[in-house]
Amino acid sequence: MNLTIVEYPDKRLREISKEVKAFDEALHNLLDAMYPKMIETNGIGLAAIQVAQPLRVLILNIPDEEGNQPDENLLEIVNPVIIEKAGETTYQEGCLSVPQFYEDVKRHETIKINYQDRHGNTNILEADGLLAIAIQHEMDHLEGILFIDKLSYARRKKFEKEYKRLQKERKGQ
Ligand code: QAP
Ligand code: CO
């Protein structure tokens, strides 16, 4: 499976992803292809819609204290639902689909989610810190929401201007 990252302003990023009902080889092939793509593009989180697959699937591998992302820290999350949330935290976010732009976004500080693994087994996960932020960011993708949608009007305008400049620079390369 050869995947490419879909980048803003591609409209496919606005699709609402569909619940996974078949925990089959096709799902496993997708997950198996998403992981190397995320690592090779220096990502810590990736939703399936970012590789043009509108399914409620996301993966995460939050770097450890040394900045490493060992394979055993990979989290595969299917059909997630937030069942509890508390607190507030701000973090300077980025996104593989919005390259080279970073801005502060407000999120819940801790969350509890219900989700399924690649085999359809149900799990509960309590998260805080960067993991909680990353899960919320990736779950937004399932609804067609990007972190830039959460910026103030002024910051969004600043983004649009800066992003156009960055795109021109990248084309010129
Ligand atoms: C989502 O983001 C996230 O602009 C994952 O040039 C963001 O992996 C979770 C990336 C913030 C928690 C906090 C972005 C790579 C990677 C770029 C990413 C870029 C190269 C973003
Ligand atoms: Co993203």
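User: Which side chains do K112 and E84 use to meet, and how should I read that salt bridge?

Analyst: Side chains of opposite charge can pair when their charged atoms come close. A salt bridge here is a side-chain nitrogen of Lys or Arg within 4 Å of a carboxyl oxygen of Asp or Glu. In this predicted model, the side chains of K112 and E84 form one, at 3.4 Å from N to O. The pair links distant parts of the chain: K112 belongs to strand β6 (residues 110-116) and E84 to strand β3 (residues 75-86), 28 residues apart. Helices (H or I, at least four residues) and strands (E, at least two) are DSSP runs, numbered from the N terminus.

User: How many salt bridges does a search of the whole structure find?

Analyst: That search gives 17. Residues are numbered from 1 along each chain as its sequence is written, chains are lettered from A and ligands numbered from 1 in the order in which they are written, and side-chain values use heavy atoms, leaving out hydrogens and water.

User: Which residues come nearest to ligand 1?

Analyst: A residue is near a molecule if one of its heavy atoms lies within 4 Å of it. Ligand 1 has 19 residues around it, and G43, I44, G94, Q100 and Y102 come nearest.

User: What polar contacts does an oxygen atom of ligand 1 make with I44, Q100 and Y102?

Analyst: A polar contact to the ligand is a pair of N or O atoms within 3.5 Å. A polar backbone atom of I44 is 2.8 Å from a ligand oxygen, and a backbone N or O atom of Q100 is 2.7 Å from one. For Y102, an N or O atom of the side chain lies 3.1 Å from an oxygen of ligand 1.

User: Which element gives the most to the shell around ligand 1?

Analyst: That is α2, with five residues.

Note on methods
This is a predicted model: local features need pLDDT of at least 70, side-chain atom pairs count only at pLDDT 80 or more; totals for chains, interfaces and linings use all residues. A polar contact is a pair of N or O atoms within 3.5 Å; within protein, one must be able to donate a hydrogen and the other to accept it, and residues adjacent in sequence count only if both atoms are side-chain atoms.
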